[in-house]
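Hi,

Here is the structure I promised to pass on. Please have a look, then read my notes below.

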Amino acid sequence: MADGQEKDGLSGAAGEADRRLAALEAGRRLFARECRFIAGTTAEALPPASLPEVAFAGRSNVGKSSLINALTGQALARVSHTPGRTQQINFFDLGGRLMLVDLPGYGFAAVGRRQSGAWTRLIALYLRGRVRLRRLCLLIDARHGLKESDRRTMTELDRAALSYQLVLTKADKVGAEALAGLTRKIAAELARHGAAHPEIITTSAQTGEGIAALRAALADLAEAAPLSTPTPLR
């Protein structure tokens, strides 16, 4: 390799590292802001879409509430050990810059077909009407991988041309080798879905794994911080 090419390569790698560090810091600063519960509602009574929104969806008991609490560092979302407990759409205002939206879980047979169908329609109504929805984080339990209910959801998101990103949860419950194999398998399947973001983020609400990376990804979707408003550090 010529000296010039080697220097360019090193410069490019350093630049990429700097960009990654800047993104992680932006995510940390954004999620250091106060996050407030705004409303728990149905699709027929949604609050105005005043901020960019990021929604969290997944099978019942996938760990949505635990992940939201880990991201914000606050006990915002109620963690239940009873799958199917959350039956409404919950909105959380993150520092006036981003709205976090906790959608009801899907795919748990014990709640009954009628109620499960009602949740599916509720989510569909929400997704259809939110013009400021920037991305949907589709949570997948790392212990179980993709289920048919996840695949159906991904197909519907592709049809709606709605950007979504897969987030593996409960990574601390899976060995490193098995987790790496699962990620490769899901990535290969994900490549066939046109609306899917290519990066899969692996997280654990218990150990904090992947939380900083997910914060960074979401910070890129938020409104810019007002220049006159300082960001508290923590």
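The sheet has 7 strands and is open. Its order is β1-β3-β4-β2-β5-β6-β7, and the pairing is mixed. Keep in mind that this is a predicted model. The edges are β1 (35–41) and β7 (201–202), each of which pairs on one side only.

Look next at β2 and β5. Strand β2 covers residues 53–58, and strand β5 covers residues 133–141. They run parallel to each other and pair over 6 bridges.

Now for α4. This helix spans residues 148–159, 12 residues in total. From first C-alpha to last, α4 reaches 17 Å. At 1.5 Å a residue, 16 Å would be expected, so the two values are close.

Which residues of α4 are buried? They are S149, D150, T153, M154 and L157. These residues lie on the same side of α4, because they cover an arc of only 140° around the axis. The face turned away from that buried side carries R152 and R159, both exposed.

Best wishes

Note on methods:
Residues are numbered from 1 along each chain as its sequence is written. This is a predicted model: local features need pLDDT of at least 70, side-chain atom pairs count only at pLDDT 80 or more; totals for chains, interfaces and linings use all residues. Side-chain values use heavy atoms; hydrogens and water are left out. Helices (H or I, at least four residues) and strands (E, at least two) are DSSP runs, numbered from the N terminus. Buried means under 20% relative accessible area, exposed over 50%, partly exposed in between (1.4 Å probe, protein chains only). The arc is that of the directions from the helix axis to the C-beta atoms. Two strands pair if DSSP finds at least two bridges between them.
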